[in-house]
Amino acid sequence: DGFLFYVMPYVEGETVRDRMNREKQLPVADAVRIAKEVASALDYAHRHGVVHRDIKPENILLHDGSALVADFGIALAASRSDGGTRMTETGMSLGTPHYMSPEQATAEKLITARSDIYSLGSVLYEMLTGNPPHVGASAQQIIMKIVTEEAASVTKLRKAVPQNVADVIGEAPG
């Protein structure tokens, strides 16, 4: 009757955030595997016209050794909003500041799959280094850094990260 809802299966396990809280930095192979699995899920969503808009460690569930992307609520609500109604007003954006793409951070009207890829690169960066690429005391400071500063290379913060993995993270926003 016009009421929008979605159903998710119950998943036993933990989030990537839970695991990072426990381990700080994940083993390189585990972080890369999780990122690949999330990238595969995002590829499927993107091919079906859905942009998640809030990829972050809390929205990646670890179940039976596999990563599952959760909380498509923002994506579904945004895709269902009518053409005349914007989900955000000027100066507001959807997502979590540490993982926002520059286009989300500046509240651009059109958010594409590139935004999810940027966010996934930020999550991979944090899985490997223990911190997101940009930090600050407030959401505004984080957003300003996302828009104006390049993150330090992951290899500067963790030398054991192979250069090809660092290169992928560096290209994620591109």
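In the largest nonpolar core of this predicted model, which has 26 residues, Ile34, Val38, Met127 and Leu128 touch the most other members. A nonpolar core is a set of buried Ala, Val, Leu, Ile, Met, Phe, Trp, Tyr and Cys residues joined through side-chain atoms within 4.5 Å; buried means under 20% relative accessible area and exposed over 50%, with a 1.4 Å probe and protein chains only. At least two core residues each come from α1 (16-23), α2 (28-47), β2 (60-63), β3 (66-69), α5 (113-129) and α8. Helices (H or I, at least four residues) and strands (E, at least two) are DSSP runs, numbered from the N terminus.

Now let's look along α2. Its buried residues are Val28, Ala31, Ile34, Ala35, Val38, Leu42, Ala45 and His46. They sit on the same side of α2 because they cover an arc of only 130° around the axis, taken from the directions from the helix axis to the C-beta atoms. On the other side, Ala29, Lys36, Tyr44 and Arg47 are exposed.

| Residue | In contact with |
|---|---|
| Ile34 | Val16, Arg19, Ile60, Leu62, Ala67, Met127 |
| Arg158 | Gln25, Leu26, Pro27, Val28, Met127, Leu128 |

Arg158 lies in the loop between α7 (154-157) and α8 (163-171).

A note on the model: residues are numbered from 1 along each chain as its sequence is written, and side-chain values use heavy atoms, leaving out hydrogens and water. Local features need pLDDT of at least 70, side-chain atom pairs count only at pLDDT 80 or more, and totals for chains, interfaces and linings use all residues.

Notes
Contact = heavy atoms within 4.5 Å. Lists of a residue's contacts leave out its neighbours within four places in sequence.
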